[in-house]
Amino acid sequence: MTMHDTPTIALVGPGAIGTTVAAALHEAGRTPALFGRTAHDHLHLRFDGGEIRMPGPVRTNPADVETTFDLVFIAVKTTQVEAASKWLSALCSANTVVCVLQNGVQQKDQFAPYLSKDRVLPSVVWFPAQREVDGSVWLRATPRLTLPDTAVAQVVLTALRDTRCSVDVAKDFTSIAWRKLLQNAVAGLMVLTGRRAGMYSRSDIENLSLAYLTECLEVARAEGATLGNEVMREIIEGFQRAPIDLGTSILGDRQAGHPLEWDSRNGVIQRCARARGIATPVSDLIVPLLAAASDGPG
Ligand SMILES: NC(=O)c1ccc[n+]([C@@H]2O[C@H](COP(=O)([O-])OP(=O)(O)OC[C@H]3O[C@@H](n4cnc5c(N)ncnc54)[C@H](OP(=O)(O)O)[C@@H]3O)[C@@H](O)[C@H]2O)c1
């Protein structure tokens, strides 16, 4: 493939984020092959002012895969990587770029058992999307991704060029990924109250969020992120300005009784801190509660 050819594209995990990216590609005439855990004959994305229906099928058996792809998007939860890894050997050649559409800052490490690190492209996913009971996905903002500014990012830029999902590249991806992680970490508090963005208007939750962010920011900086103190206010005010019913995918998982991405969204900060001897009293309270919630109900 040259830089100007359209890459062949597969997508593993057509859930909230996967459906959004797949539908954006389909709309631009670059329909990806779909692979997942549950079979579907089509995907359905809804958003303000429109919808996209994309024909399937979503295939569920790696043994049926007959070809490898230039680009594979992975949009399973971080708790599902091991189970989904069987797709990687089926879909990837030595040249395949695997773009990970997941929260967190350790995508390369998480995929290291299955793929060479230089083929793994982490991303920051900026848009909220949620699965609805009718099987459709409700996209609640304009889709946008940020990628590290590396040579392998080119294939994703080519694939998503002129689609409704915009892509930018960042020289300092570390800072952007940690900025998003801090936002995700604080969003995890919703799991502990069973509430949505409306709760951040309480002054006690605002203070707790600030204490947690102060701790997380110290870890982010120790890990190489260049972030000013203002990000803490920006994150809290972002939640305060959001629609009061805006949730977060970890809350959706909690309410559905699914395993939680507590380790990649909250535990990782505590782990990085421990490795560097940084005290994390707020994480030490929050992380075990999230971990325990993930195991429940009994
Ligand atoms: N949703 C958001 O607003 C949002 C925003 C930013 C970032 N993120 C991050 O994006 C990532 C994906 O989240 P999501 O909300 O899109 O999750 P999701 O809606 O649960 O989608 C996950 C998809 O992966 C499929 N899957 C599960 N196990 C699989 C396996 N072994 N093989 C193949 N497919 C498998 C699921 O199938 P089933 O249908 O069988 O469950 C589902 O289609 C997460 O890291 C999340 O934190 C989400």
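Thr 146 touches Ser 123, Val 124, Trp 126, Asp 168, Ala 170, Phe 173 and Ile 176, leaving out residues up to four places away in sequence. Touching, or contact, means heavy atoms within 4.5 Å. This is a predicted model: local features need pLDDT of at least 70, side-chain atom pairs count only at pLDDT 80 or more, and totals for chains, interfaces and linings use all residues. Residues are numbered from 1 along each chain as its sequence is written, and side-chain values use heavy atoms, with hydrogens and water left out.

Thr 146 sits in strand E12 (residues 144–148). Helices (H or I, at least four residues) and strands (E, at least two) are DSSP runs, numbered from the N terminus. Thr 146 is buried, at a relative accessible area of 1%. Buried means under 20% relative accessible area, exposed over 50%, and partly exposed in between (1.4 Å probe, protein chains only). The side chain of Thr 146 makes a polar contact of 2.7 Å with the side chain of Trp 126. Another polar contact, 2.7 Å, links the side chains of Thr 146 and Asp 168. A polar contact is a pair of N or O atoms within 3.5 Å; within protein, one must be able to donate a hydrogen and the other to accept it, and residues adjacent in sequence count only if both atoms are side-chain atoms.

**The nonpolar cores**

The largest nonpolar core has 38 residues. Such a core is a set of buried Ala, Val, Leu, Ile, Met, Phe, Trp, Tyr and Cys residues joined through side-chain atoms within 4.5 Å. Leu 71, Phe 73, Leu 101, Val 156 and Leu 160 touch the most other members. Helix H1 (residues 16–27) gives the most to this core, with seven residues. A second, separate core holds 37 residues, among them Tyr 212, Leu 251, Val 268 and Ile 269.

Leu 71 belongs to strand E6 (residues 69–74). Leu 71 is buried, with a relative accessible area of 0%. Beyond four places in sequence, the contacts of Leu 71 are Thr 8, Ile 9, Ala 10, Thr 96, Val 97, Cys 99, Val 155, Val 156 and Ala 159. Leu 71 and Ile 9 are 62 residues apart in sequence, yet their C-alpha atoms are 4.9 Å apart.

Phe 73 has its own list of contacts. Leaving out residues up to four places away, Phe 73 touches Ile 9, Ala 10, Leu 11, Val 12, Val 21, Leu 25, Cys 99, Leu 101, Val 156 and Leu 160.

**Around the ligand**

The ligand is surrounded by 28 residues. The closest are Ile 17, Thr 38, Asn 103, Arg 131 and Glu 261.

| Residue | Distance to a ligand oxygen atom |
|---|---|
| Thr 38 | 2.5 Å |
| Lys 77 | 3.1 Å |
| Arg 131 | 2.8 Å |

Taken alone, the ligand exposes 900 Å², and the protein buries 92% of that. Accessible areas come from the Shrake-Rupley method with a 1.4 Å probe; for residues, only the protein chains shown count as cover. H1, helix H2 (81–91) and strand E10 (129–131) are the elements that give two or more residues to the shell. The largest share, three residues, comes from H2.

**Backbone geometry**

Most residues other than glycine have a negative phi, and most peptide bonds are trans. The bond joining Gly 56 and Pro 57 is cis, with omega about 0°. Pro 57 lies in the loop between strand E4 (50–55) and strand E5 (58–59). A cis peptide bond also runs from Gly 296 to Pro 297, with omega near 5°. Pro 297 is in the segment after helix H11 (281–295).

Asp 162 is not a glycine, but has a positive phi of about 60°. Asp 162 lies in the loop between helix H4 (153–160) and strand E13 (166–170). Asp 162 counts as exposed, at 70% relative accessibility.

Thr 248 is in the loop between helix H8 (230–241) and helix H9 (249–255). Thr 248 counts as buried at 16% relative accessibility. Ala 291 lies in helix H11. Ala 291 is buried too, with a relative accessible area of 17%.

Note on methods:
Near = heavy atom within 4 Å.
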